[in-house]
Amino acid sequence: MALSVEIDPGSGFCAGVIRAIGAAENFLDTRKDGTLYSLGAIVHNEEEMARLQKRGLDHIELSDLYKQQNSHKGETLLIRAHGEPPSTYKLAASLEYEVIDCTCPVVLRLQAEIKRACERVKPFGGTIIIFGKVGHAEVLGLLGQVDGNAVVVENLEMLQCAQNEGRIPLEKPIELFSQTTKSPEEYSYLAQYLKGRISCQQKLTVHETICKQVATRHKLLKEFARNHSAVVFVAGESSSNGRVLFSLCRSVNPRSYRVVSELDLDPSWFVSGDNVGVCGATSTPGWLLEKVASGIENFAL
């Protein structure tokens with residue numbers, strides 16, 4: 001079949017992920033002694049994790065740290081772009097790890113903002129609300145800045161439920177934050193909902209904490225998906241950002257398909273004359289986008 005394939009120039013790793021992977025590769029290239037451990041997946045993409053593992057990166061979870069009793073002096077722990085709560089740094093120090101902190105600067109600013117906000121609202125019995133995925137590494141890091149004193153909501157239904165349960169008193173100060181990779185449209189919707197139910201607008205502060213690179217990405221990705229007859233979206237199974245962006249693609253182009261790698265491609269998705277767009281999450285490596293594009297092109301041979 002005759003078809004054309006274009007890779008979205010705006011897809012691929014965000015700056016925070018590029019920085020973290022670069023630090024890991026630099027360590028693996030230059031340090032021959034000791035071990036490099038990534039606390040949690042350095043990127044939510046199984047293919048990229050497998051590549052880094054072959055180079056010598058060892059992936060562990062926080063629960064593994066709590067189980068360790070022996071000294072790890074001289075071994076190195078990489079904190080990924082998502083960030084961690086203060087308790088993780090204390091634990092790593094107690095186990096004598098050397099730490100490479102790759103927390104994204106955008107996340108670091110958000111952590112500092114949310115800590116200051118908690119200090120502002122606490123004397124008045126106010127509430128910190130975080131729009132984010134429950135259990136997500138970045139969200140856990142944010143909760144750690146305020147000793148867990150925040151309400152995490154994934155959608156309007158969760159916000160309404162928390163309000164009905166009395167966990168968000170509308171008559172007291174509220175400061176609203178978002179996980180840096182969430183949908184700007186959904187965040188705006190939640191903010192408008194709160195504004196419509198609070199009589200004194202001075203009691204509500206909405207912080208613009210979505211990464212500007214991510215926010216711009218939403219607009220450009222919509223245009224990219226709309227301008228192609230079919231779209232193949234590449235993302236890891238565990239990528240929260242991937243789920244958000246794929247839903248965005250499908251909302252403007254029903255012929256959008258999600259794959260983890262080129263092995264998931266199905267030739268029945270395409271027809272002769274298709275102009276296929278290949279795009280991905282902020283956790284999708286460029287080399288994987290190219291492999292998927294080549295796989296699609298092979299259908300035309």
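Tutor: The discussion below takes up salt bridges and then a sheet.

Tutor: This is a predicted model, in which local features need pLDDT of at least 70 and side-chain atom pairs count only at pLDDT 80 or more, while totals for chains, interfaces and linings use all residues. Residues are numbered from 1 along each chain as its sequence is written, and side-chain values use heavy atoms, with hydrogens and water left out.

Student: How many salt bridges does a search of the whole structure find?

Tutor: Side chains of opposite charge can pair when their charged atoms come close. The criterion here is a side-chain nitrogen of Lys or Arg within 4 Å of a carboxyl oxygen of Asp or Glu. By that criterion, the search finds ten salt bridges.

Student: Which side chain does Glu 25 meet in a salt bridge?

Tutor: Glu 25 meets Arg 51, with an N to O distance of 2.8 Å. Glu 25 belongs to helix H1 (residues 15–30) and Arg 51 to helix H2 (residues 46–55), 26 residues apart. Helices (H or I, at least four residues) and strands (E, at least two) are DSSP runs, numbered from the N terminus. A further salt bridge joins Asp 29 to Arg 55, with the closest N and O atoms 2.3 Å apart. Because Asp 29 lies in helix H1 and Arg 55 in helix H2, this pair also ties together parts that are 26 residues apart in sequence.

Student: Is Asp 274, which pairs with Arg 255, buried or exposed?

Tutor: Buried means under 20% relative accessible area, exposed over 50%, and partly exposed in between (1.4 Å probe, protein chains only). Asp 274, at 3%, is therefore buried, whereas Arg 255, at 25%, is partly exposed. Their salt bridge has an N to O distance of 2.6 Å.

Student: In what order do the four strands of the open sheet lie?

Tutor: Strands of a sheet pair through backbone hydrogen bonds, either parallel or antiparallel. Two strands count as paired if DSSP finds at least two bridges between them. Here the order is S1-S12-S10-S11, with parallel pairing. Strand S1 (4–7) and S11 are the edge strands, each pairing on one side only. S1 and S12 pair over four bridges, and Val 5 stands opposite Val 276 in S12.
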